[in-house]
Amino acid sequence: MKDYKIPLTLIGILADGEFHSGEQLGEQLGMSRAAINKHIQTLRDWGIDVFTVPGKGYSLPAPIQLLERDVILNQIGDGSVEVLPVIDSTNQYLINRIGELHSGDVCIAEYQQAGRGRRGRQWFSPFGANLYLSMYWRLEQGPAAAVGLSLVIGIVMAEVLHKLGANEVRVKWPNDLYLHDRKLAGILVELTGKTGDAAQIVFGGGINLAMRNVATDIVNQGWINLQEAGISVDRNQLAVLLIKELRQSLRQFEQGGLATFLARWEKLDNFINRPVKLIIGEREIPGISRGINEQGALMLEQDGVITPWVGGEISLRPGD
């Protein structure tokens, strides 16, 4: 694995949001100003805005709060939590270690070099700007029992954000969080296991906290972050609450399935009783969203008839 010690040390110094001269940084790190500038470029490659002002030095637009593994571990009590600065993908990290994991084990990262969304899409993951958290869970009932799991994860994420002051966050079928009709977070569930075997599940959530401008060829839909909405959350506290609430809700899901969460979903559903369009490939199906059923299907009303829709290739957009 590549050595990122110097860039990570630089981030620790610049995290206060103050200006630091290239000369001072060079003295602290024992290298030339030219070498410092090279490492500053690495930070920019990681999606960190670094201002350069002649005569003043380098600065971040605002202080950033770094994740602290000890703080998180002390508050969750048990289970494994890995907090890593730079990683390909938090989901992939757990998948690669699936044989040694226990339900509720977690990986969190400051920056993902190859973050994944649904259908193989890239998940833009700038350093320190958002929260990227993945968890492992083993469902003894098998893969069929995992139906609706992404909906439960979305409910928990939304409820946790409500507790931290983001009261207008809503869920979007089948695996997103929305705020003011724009995407705030996404969920990716990956599972293995044959019929009759336990389901080995790794799921990840990416929540936009303070993400800055993103090229439209990377993120091609309307998005929002909590900072833009005037909401500031403690990233370590958010991680702690998510881990605790996910573990508790997944134990509940094991016992009662999605049915025990339907009322919670309805309360949070961004599109319930609103005109929507289901997009399946090139096909668009207009209707009125009437929530979900116990199998996690979207209930779409057309001409007074309500039909359940399921499938990984279905997207949901607000109707015209």
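**Figure 1. Overall fold of the predicted chain.** Residues 24 or more positions apart account for 64% of the contacts in the protein chain with a separation of 6 or more; a contact means heavy atoms within 4.5 Å. The model is predicted, so local features need pLDDT of at least 70 and side-chain atom pairs count only at pLDDT 80 or more, while totals for chains, interfaces and linings use all residues. Residues are numbered from 1 along each chain as its sequence is written, and side-chain values use heavy atoms, with hydrogens and water left out. The protein chain holds eight helices and 14 strands. Helices (H or I, at least four residues) and strands (E, at least two) are DSSP runs, numbered from the N terminus. Of the 320 residues, 49% count as buried. Buried means under 20% relative accessible area, exposed over 50%, and partly exposed in between (1.4 Å probe, protein chains only).

**Figure 2. The largest nonpolar core.** This core has 65 residues. A nonpolar core is a set of buried Ala, Val, Leu, Ile, Met, Phe, Trp, Tyr and Cys residues joined through side-chain atoms within 4.5 Å. Those with the most contacts inside the core are I72, I108, L161, L226, L238, L242 and I243. Helix α6 (residues 149-163) contributes the largest share, 10 residues. Beyond four places in sequence, I108 touches residues including I72, V83, L133, A239 and I243. Apart from this core lies another, of 18 residues, among them I36, L60, V86 and F127. In soluble globular proteins, nonpolar side chains tend to be buried together.

Figure 3. A search of the whole structure finds one cavity of 30 Å³ or more. On a 1 Å grid over the protein atoms alone, a cavity is a set of points where a 1.4 Å probe fits but cannot get out; lining residues have an atom within 4 Å of a point. Grid points are joined across faces, edges and corners, and a volume is the space filled by probe spheres set on the points. The largest cavity holds about 70 Å³ of space. Its lining includes L131, I153, F203, G204 and L246. β5 (131-139), α6, β9 (199-207) and α7 each supply at least two lining residues. β9 gives the most, with four.

**Figure 4. Helix α7 and its ends.** The 22 residues of α7 (residues 235-256) should span 32 Å at 1.5 Å a residue, and the end C-alpha atoms are 31 Å apart, which agrees. The expected span is 1.5 Å times one less than the number of residues. At the helix start, a side-chain oxygen of D234 reaches to within 2.9 Å of the backbone nitrogen of N236. Just after α7, G257 takes a positive phi of about 70°.

Figure 5. D176 lies in strand β7 (residues 176-179). At 9% relative accessibility, D176 counts as buried. A polar contact of 3.3 Å joins the side chains of D176 and K183. Such a contact is a pair of N or O atoms within 3.5 Å; within protein, one must be able to donate a hydrogen and the other to accept it, and residues adjacent in sequence count only if both atoms are side-chain atoms. P174 sits in the loop between β6 (170-172) and β7. A cis peptide bond joins W173 and P174, with omega about 0°. D181 is found in the loop between β7 and β8 (182-192). Its phi is positive, near 65°.

Conventions
1 Å grid on protein atoms, 1.4 Å probe; cavity = no way out; pocket = protein on both sides within 12 Å on 5 of 7 lines; lining within 4 Å.
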